[in-house]
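Good morning, and thank you for joining.

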Amino acid sequence: MTDMTATAGNRPGIDALRMTKYKSPTARGRLPALITFLPPALLLFTLFVILPMGEAAWYSLYRWNGYGTPTEFVGTRNFQVLFNNAAFSTALINNGLIIVISILLQIPLAIWLAVMLSRRIAGVVAFRMVFFLPYVLADVAAGLIWRFVYDGDYGLFAAIAGFFGVATPYVLADRDLAIYAVLAVIIWKYFGFHMMLFIAGLQALDKSVMEAAEIDGATGWQRFRYVTLPLLGSTVRLSVFFAIIGSLQLFDLIMPLTGGGPSNSTQTMVTFLYTYGVTRMQVGLGSAVGVVLFVICVTIAFGYKRIFMRHD
Amino acid sequence: MTETSSSVRISTGTRIYLYLSLSLVAAIVLVPLVTTALGGFKTLGDLRLNPFGLPDEWVWSNYLDILFGDRYWRQMMNSLIIACMTVFLTLVVSSMAAFCFAHMRFFGSNQLLNYFLIGLMFPAATAILPLFIRIRDLGLLDSYWGVILPQVAFGLGMSILLFRNYFRNLPEELFQAAFVDGCGYIRFFWYISLPLSRPIVATVGIVTFVSSWNSYILPLIMLNTESKYPWPLGIMVYRGEFGTDWQLVLAFITLTILPTIIVFFLAQKHIIAGLTAGAVKS
């Protein structure tokens with residue numbers, strides 16, 4: 001491998017190439033390259049991504065505890081159990097709720113901050129860094145920190161309630177409130193990422209359009225509503241896409257906060273899969289959740305891109 | 001790039017509004033983090049009476065006990081080993097495969113690329129049970145490899161795509177010159193493509209490292225000896241053990257996120273760019 005420069009010296013260089021109008025050179029070592037370069041990726045990917053997904057589809061038709069081979073064929077029983085399970089319905093609703101809240105609260109917040117940070121004021125870099133910080137932290141750490149914040153005895157909420165002299169709320173232990181507490185943490189954790197998308201989107205905008213609007217006498221809000229926002233369309237669609245994907249795989253953040261409780265009120269599809277499939281080794285049921293999740297993911301990956309992002 | 005006149009001259013009113021809004025959001029981000037760090041310096045009683053403010057008296061022992069024990073360092077090492085191996089393998093395996101897709105057309109090459117891109121569509125959680133059974137049957141349960149290999153495999157779709165797009169945009173003349181000079185594909189990859197690809201190596205490396213360093217569900221399912229736990233698992237065990245001794249848990253959380261925060265502050269430009277580019281381009 002070290003004789004490359006020597007070889008290069010003995011052969012006609014770039015000038016010769018130009019003179020001979022060399023077309024589509026056939027390089028040496030095509031087959032050896034293919035044989036050494038492709039198999040590692042192919043093997044890893046097939047073994048740990050594709051086969052497990054296929055096996056999930058297979059196992060989902062069985063009742064199996066994971067030992068030996070699956071023999072007890074139950075057809076679509078696992079799916080029936082799943083869709084009649086109240087906790088799984090809650091999980092589906094929660095996943096939907098997270099997406100809706102992201103679109104209604106998180107994305108407007110991200111756009112608002114991005115627009116502010118695109119102004120020429122001092123400290124923009126520092127603010128940007130602070131807002132992005134929660135995104136870099138591990139979900140587990142963020143979840144535990146907020147578990148403390150929400151703690152009814154020691155947390156910030158306890159202190160605030162004490163200050164106003166009201167009874168200390170145990171937010172995470174309240175069946176009706178817990179999911180909103182979780183949603184607040186999700187926004188806290190992820191708004192910075194969406195904000196960065198919009199900052200990048202704003203930087204790519206054509207500034208002359210803005211100037212034209214301003215010369216025509218558009219107010220700040222009008223400029224934003226009728227010029228900036230429509231031009232940010234593709235970024236909004238991208239941001240919604242990430243919000244959906246993020247919601248569908250949400251697990252790490254829920255576990256330290258509530259573990260899916262109280263009484264399953266904060267389950268998501270993945271925490272449901274873990275609680276009912278993994279910890280109880282119900283391979284069939286857990287695989288059925290995986291299949292449902294897979295179908296939703298693939299539908300969204302194809303459908304969303306085809307419908308909303310075809311011009312982007 | 002020309003700035004609009006409005007962004008050059010900002011009225012005092014607007015300026016106050018901007019700084020107030022931004023500071024409010026910054027406070028919401030920072031208060032939980034700062035309280036966590038300060039909470040580690042308090043006694044439990046102090047924490048209960050005064051979770052917001054500075055400690056009544058600074059208790060260093062919470063932090064020092066963790067730092068002088070081996071538990072914290074072991075977890076950090078475990079995370080570091082797993083993350084570094086994951087990054088190394090991902091870079092090697094995906095750049096080699098991407099090179100083939102970027103420069104060679106062979107039978108079924110497009111289909112094969114699409115095959116890898118399936119991996120972009122669903123998270124590892126979908127197939128977690130069959131994955132567990134596979135790792136168990138391979139005898140890799142409770143070993144670093146049981147975490148590393150699936151992590152690499154699930155990152156391949158994105159990394160191959162990023163590398164392939166980058167390789168394709170390298171100037172065509174380089175290839176022709178090198179090939180005419182008798183340089184084969186493998187040497188070309190090693191001596192020309194890779195050295196020219198530092199930006200994309202950084203992007204893939206950062207995305208892979210951060211997601212491995214923070215990952216929870218894979219190690220949770222594949223590892224069951226505490227001495228092998230990476231920190232996100234270890235921190236949950238610690239919290240389970242010390243339950244309501246929040247001052248200890250807070251000190252432990254602070255120390256585990258400290259490396260992330262330090263590295264982020266030192267290299268924030270690259271990390272923000274890497275994480276957003278990694279997501280958007282794929």
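Which domains does the assignment give for chain B? There are two entries, domain 1 (11-59) and domain 2 (69-281), with bounds that come from an automatic or database domain assignment. Please note that this is a predicted model, in which local features need pLDDT of at least 70, side-chain atom pairs count only at pLDDT 80 or more, and totals for chains, interfaces and linings use all residues. Residues are numbered from 1 along each chain as its sequence is written, while chains are lettered from A and ligands numbered from 1 in the order in which they are written.

The C-alpha centres of the two domains of chain B lie 34 Å apart. Eight residues from domain 1 of chain B and seven from domain 2 of chain B make the contact; residues are in contact if their C-beta atoms, placed from the backbone, lie within 7 Å. On the domain 1 side, H2(B) gives the most, with three residues. Helices here are DSSP runs (H or I, at least four residues), numbered from the N terminus.

Now to the two chains. In chain A, 85 residues are in contact with 88 residues of chain B. Helix H3 (residues 30-59) of chain A gives the most to the chain A side, with 17 residues.

Finally, B:Met236 is found in helix H13 (residues 231-242) of chain B. Leaving aside neighbours within four places in sequence, B:Met236 is in contact with A:Val140 and A:Pro256.

Conventions: Contact = placed C-beta atoms within 7 Å. Helix = DSSP H or I, 4+ residues; strand = E, 2+ residues; numbered from the N terminus.
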